[in-house]
Every structure is written in structure tokens, then in C-alpha cells.
Amino acid sequence: MSKVVLPSKGPLLSGKGWTTFFVVLIVVCALAPVLNIVVPAGSALHMSDYAVALVGKIMCYAICALAMDLIWGYTGILSLGHGLFFALGGYMMGMYLMRQIGRDGNYKSDLPDFMVFLDWKTLPWHWTFSDSFIATLVLIVAVPGLIAFVFGFFAFRSRIKGVYFSIITQAMTFAAMLLFFRNETGFGGNNGFTDFKRILGIPLATQEMRMTLFVLTGLTLLGFFLFSKWLIGSKFGRVLQAIRDAESRVMFSGYNPLGYKLTIWVISAIMCGVAGALYVPQVGIINPGEMSAANSIEIAIWAAVGGRATLIGPIIGAFIVNGAKSWLTVAYPEYWLYFLGALFIAVTLFLPNGIVGLVKKWATRERATPSEGRREVQRSMATEQGVEPAAITPPLAVEPKGARA
């Protein structure tokens, strides 16, 4: 009996890939800080504080898009509830930042201002560890991960999939949003948390702190990208793609999809939680609106526009869509939602593999187009065979297969 040999695992990134990675790393860690802090504000090369905050916010969104690609592009599970995990991570960080205000609030109390306004006397039980930065970091990972684990375990064990899974994820997010809107839950009601002063005792409203958060966000995005690349290239990632393409065949092959789907679901939720925690100190506010259905749908749109099952595509999609949003909501605010809807429809109809898929298609066609030298050889062959040159069959171009929804 011949032994089955699996294809060898390729490098994490190609030579060009590593070059691009280190260029982006230098831009995030060196060039951007120099342009913002060192270059004077009057210079054309100066990177304004507004640009730093905007790009930092979009990088947080890009982490969410990358998380969506893992669960949707590579596993075939469309979630419309990832806004919940993003908001949970943001709330964990927001609770710590509210405790850091101390007596600098409007009411000069050890309690957050909204609790004094509501006549609370003590902190709720779930605020117990909110004054510890280390505990906050643990909760940023643990809370979204635990909720995703409980929800995913029952959903995947019941074999809920397709549009039904998408609907219940959105219902879960909507229910959480209604819960956080209530004042008695201790999360600030519809106003949420804001008026942050400092982190680790260091003021937030400084140029150096804003740039520090910017660099941390960029490093986190690059780290998650490498982690996702490694994960998808492993045996675990191959099983995920097999589940996406034919889950029943995976089960017949002796694999239990529950553990694989649950693991990638929890990892994806944790990534969104970390993104939310980085988002809050840069934006300066967190409220239940981050759990809205529209926000979760936008995460899916970023992945679809950039290109599912590509990793880099959703990151590009997040930058393109949110960059357009930042411009359109200022120049033409009444047309932004129309543009977003039209973009999603256009991508669904004409770009099923997104922008990256279109670029790969063009590159494949370019490689498949015979050069002038090859055409000369074909003409010579046709002359020898006594046929028309057009009768020589050109090489076939194989288009990349996109991920199934």
C-alpha cells in the first residue's frame, strides 16, 4: 500500500511578503511617529493628530475584519454579531479608564459621575477588578472569549448554520445592546463611558500617548495577521477550509467539526475584543451603539469588499470603506448609507472575490497572455502543421476559487 504524502507546508510569507511586512512595520513604528511628533505642523509632510486618530481607529476596524475573515472566509460561518465582542472589549477597557478618572470628575467622587448622578452608593460587583490594569487585560480576553464559547458551543452542537446562524448572532447582539442601554446594569446607559483622563497614570490627551496607542494598534494588527497566516497554513487551518467546502465529508473522514468551529469562533471573538479595547482610548467614548446591527453588518462588508479567504483583503477593505465613510459623512452625509448599500450590492454581483480577488484575476490573465516570443513560436508551429495560427490552443487561465458563504 502506497503511503499518502501531504503537500509540504510553505513559508509563512514569501520574500515579497516579508518585504512588504517590514515596510509597513517601519511606517507604523518609525515613519508615522516622526511625521507626527518631529515634523512641524506647518510642513506638508506633517501627520496631524486627526490623521493619527483616524488611522488608529481604522486599524482597530481592520483587526475586526481580519477576525471576520477567519470565521467567514476560511470556515464559511457568517456572523452578524461580532460587534458585540468588539463592544465588550471596549467596555472592559472603558471601566478601567473610568476608574482612572478618580476624583477629577464633575462630582469629585471616587465613583464614576454617572453612578453619582443615579445615586449609587457603591460600585456594582462586576466593577470589582476595574481598577487593576492587569485584571483589565485579562478581562478583555476572557469576557468576549467566554461569551463566544458558551454561545458557540450550544449553536454548533445544535448544528445551526447558514442564514439561521447569522440571524441568531444578530439577535444576541441586539439583546445585549438593549441590556446595556438600561441604567441599572451599571454600564452608563445610553451615554456609556466617556471623559477619560489617563491610562496607567499617564494623561491620554497628549501627542505622545496618542502616538503610543497608534503604534500599539499597528503592532497588534501586524501580529494578528502573522498569527492568522500561521493558523490558516497549519493542519488546523486546512480542516477549517474543508469544513467550509464540505462539512459532511469532513465528518465522514472522522473529524468532529464542533471543536474546530468552536475554537476559531472563540479566537475570532477575542480578536474583536482586543480591537475594541484599543479603540476606546483613541476615540474617547464607548456606548451601546457599538453593538448595533449596522456595525456588525459593516464588519462583514469590509471582509467582502476586500476579499474573503485572503487575510490581506479584509484589512484593505476596512481601510477603503472607512476611509470613504470618513470623507462622505463630512462632504455628503445624507448619501453615505446609499453608497454603502450600493457598494455591497456591487461587490456581491460583480466582485464575489473582492478587490484582492479581482487583482489576482488580472494577474492570472496577464501571466496567461502569450508573449510576443511565444506568439512567434506558435506561428512557426502553425506554418509547419499547415493550420491557421489561431487554431493553436492558448494555455488555460485558472481562476482562484473563492470561499463559500
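First, some ground rules. The model is predicted, so local features need pLDDT of at least 70 and side-chain atom pairs count only at pLDDT 80 or more, while totals for chains, interfaces and linings use all residues. Residues are numbered from 1 along each chain as its sequence is written, and side-chain values use heavy atoms, with hydrogens and water left out.

**Stop one: helix H3**

Select residues 82–101, which make up helix H3. Helices here are DSSP runs of H or I with at least four residues, strands are runs of E with at least two, and both are numbered from the N terminus. How many residues of H3 are buried? It is 19 of the 20, so H3 is largely enclosed by the rest of the structure. Buried means under 20% relative accessible area, exposed means over 50%, and partly exposed is in between, using a 1.4 Å probe and protein chains only.

Now check the length of H3: at 1.5 Å a residue, its 20 residues should span 28 Å, and the end C-alpha atoms are 29 Å apart, which agrees. The expected span is 1.5 Å times one less than the number of residues in the helix.

Click on Gln100, which lies in H3 and is buried, with a relative accessible area of 19%. Leaving out residues up to four places away in sequence, Gln100 touches Arg198, Ile199, Leu200 and Gly201; contact means heavy atoms within 4.5 Å. Zoom in on Gly201: its backbone nitrogen lies 3.0 Å from a polar atom of the Gln100 side chain.

**Stop two: the aromatic rings**

Show the side chains of Phe, Tyr and Trp. The structure holds 29 aromatic pairs. Rings of Phe, Tyr and Trp (its six-membered ring) pair if their centres lie within 6.5 Å; planes under 30 degrees apart count as stacked, over 60 as edge-to-face and the rest as tilted.

How are the planes of Tyr91 and Phe187 arranged? They stand at 80° with the ring centres 5.7 Å apart, so this pair is edge-to-face. Tyr91 lies in helix H3 and Phe187 in the loop between H6 and strand E1 (193–194), so the pair ties together parts that are 96 residues apart in sequence. Tyr91 counts as buried at 0% relative accessibility, and Phe187 is buried too, at 12%.

Another pair to pick is Tyr255 with Tyr260: edge-to-face, 6.1 Å centre to centre, with 70° between the planes. Tyr255 is partly exposed, with a relative accessible area of 31%.

Next, select Tyr91, Phe114, Trp127, Phe180, Phe187 and Phe193 together, as they form one aromatic cluster. For a charge and a ring, go to Trp72: the charged end of Arg308 sits over its ring, 4.5 Å from the centre. That wording requires NZ of Lys or CZ of Arg within 6 Å of the ring centre and within 35 degrees of the ring normal.

**Stop three: the salt bridges**

A salt bridge is a side-chain nitrogen of Lys or Arg within 4 Å of a carboxyl oxygen of Asp or Glu. By this rule the count comes to 10.

Select Arg210 and Asp49, whose closest N and O atoms are 3.2 Å apart in a salt bridge. Arg210 lies in helix H7 (residues 207–233) and Asp49 in helix H2 (residues 49–73), so the pair ties together parts that are 161 residues apart in sequence. Arg210 is partly exposed at 29% relative accessibility, and Asp49 is partly exposed at 31%.

Move to Glu247 and Lys161, a salt bridge with its closest N and O atoms 3.1 Å apart. Glu247 lies in helix H8 (residues 235–252) and Lys161 in the loop between helix H5 (133–157) and helix H6 (162–181), so the pair ties together parts that are 86 residues apart in sequence. Is Glu247 buried or exposed? Glu247 counts as buried at 16% relative accessibility, whereas Lys161 is partly exposed at 44%.

Finish at Lys121 and Asp119, a salt bridge with its closest N and O atoms 2.9 Å apart. Both residues, Lys121 and Asp119, are exposed.

Note on methods
Polar contact = N/O pair within 3.5 Å; in protein donor to acceptor, adjacent residues only side chain to side chain.
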